[in-house]
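I opened this notebook to keep track of what I looked up, going from the whole chain down to one group of rings.

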Amino acid sequence: MIKTLVSPCSVYGFGSQKLKFDRSCKRVKPRAVRMELTITQPDDWHLHLRDSDLLQAVVPHSASTFKRAIVMPNLKPPVTTTAAAITYRESIMKALPSGTSFDPLMTLYLTDKTQPDEIRLARESGVVYAVKLYPAGATTNSQDGVTDLFGKCLPALEEMVRQNMPLLVHGEVTDPSIDVFDREKIFIDTVLQPLIQRLPQLKVVMEHITTMDAVNFVESCKEGSVGATVTPQHLLLNRNALFQGGLQPHNYCLPVLKREMHREAIVKAVTSGSKKFFLGTDSAPHERSRKESSCGCAGIYSAPVALSLYAKVFDEAGALDKLEAFTSFNGPDFYGLPRNSSKITLKKYPWKVPDVFSFSFGEIVPMFAGETLQWQPLN
């Protein structure tokens with residue numbers, strides 16, 4: 001629901017110009033129009049919370065906005081078993097601010113050694129909701145990822161079909177001879193399409209899509225069988241953002257930002273009202289010194305500003321009426337979970353994103369640090 005709040009005086013328009021008068025019909029200085037947008041509280045269907053000090057630092061940001069989140073398992077060591085997922089969830093719950101109702105939905109890290117029995121245990125646990133596919137070496141802490149998807153992993157994948165357990169895909173090939181900007185397209189052609197042809201009943205989420213090719217692929221698939229999460233960075237930034245004014249390490253993520261035509265295709269897809277696309281921030285915190293180094297880590301920390309940035313995208317596209325479905329309906333519908341009953345209100349007024357968030361172990365720089373945004377959730 002969108003509310004427009006104005007002062008009690010009358011408003012008369014002449015073309016695009018608006019003049020305001022008080023009750024005595026004297027012209028007065030125009031006052032700013034405030035807009036409020038109330039939507040069902042959203043979920044984050046792709047989130048990195050890390051562990052230890054980083055977990056303690058960042059989980060309040062996600063919990064203040066999102067009701068639930070699919071939590072990524074790429075820790076050191078990775079979360080490969082149901083027992084480890086339960087332990088990790090307990091750590092997250094202990095790190096939450098008191099009174100928070102945030103619900104972490106856990107995932108398993110798929111490896112060449114994952115057994116069908118583990119998939120059954122995960123489904124029976126009631127806390128594990130998906131399995132994550134990282135091609136070995138594709139991104140942060142993916143060195144233990146899959147090397148033989150259609151061989152060693154096939155029994156686990158077949159059990160996932162039987163258990164209706166979604167496979168969450170980091171969609172990039174890792175062959176060093178393939179250009180980094182082409183790795184998503186090649187993955188679709190050589191891995192994802194053959195996988196779906198072989199296991200058509202397997203539910204798949206293509207995570208953090210970055211290209212027109214991914215948009216076209218998801219749109220070509222049956223609704224409810226293949227979906228996609230979309231990040232704020234891939235909606236708002238193209239690859240120029242990596243180099244403007246010098247190298248910008250805080251805009252570096254994997255999959256890497258792509259050309260403007262790809263960004264535009266993703267914006268068009270998510271603002272179209274399609275049910276196949278849903279919110280997944282891929283918020284990935286790293287301490288500042290690890291980003292601003294000779295070998296900077298991949299990952300953008302968007303949790304504190306994510307909902308504001310999604311609102312910015314839909315506002316600029318003239319599609320605020322479609323924001324709620326993207327943020328709050330499409331994800332739970334795909335996973336077969338109930339939609340949230342709680343609400344959240346965003347207010348349109350200028351506010352400045354902090355330059356950094358400081359903690360005892362160091363600093364984390366958020367996405368759009370130091371910049372002014374127009375939408376902010378009311379906590």
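I looked up burial and found that 55% of the 379 residues in the protein are buried, where buried means under 20% relative accessible area with a 1.4 Å probe and protein chains only. I noted that this is a predicted model, in which local features need pLDDT of at least 70 and side-chain atom pairs count only at pLDDT 80 or more, while totals for chains, interfaces and linings use all residues. Residues are numbered from 1 along each chain as its sequence is written, and side-chain values use heavy atoms, without hydrogens and water.

Along the principal axes, the C-alpha atoms fill a box of roughly 80 × 45 × 45 Å.

For contacts (heavy atoms within 4.5 Å), I recorded that 71% of those with a separation of 6 or more join residues 24 or more positions apart.

Last, I searched the whole structure for aromatic pairs and found seven, counting rings of Phe, Tyr and Trp (its six-membered ring) whose centres lie within 6.5 Å. One of them joins F278 and F334 at 5.6 Å centre to centre, with 35 degrees between the planes, and is tilted, the class for planes that are neither under 30 degrees apart (stacked) nor over 60 (edge-to-face). F278 lies in strand 13 (residues 277-279) and F334 in helix 11 (residues 323-335), 56 residues apart; strands are DSSP runs of E with at least two residues, helices runs of H or I with at least four, numbered from the N terminus.

Key. Buried < 20%, exposed > 50% of the residue type's maximum accessible area, 1.4 Å probe, protein only.
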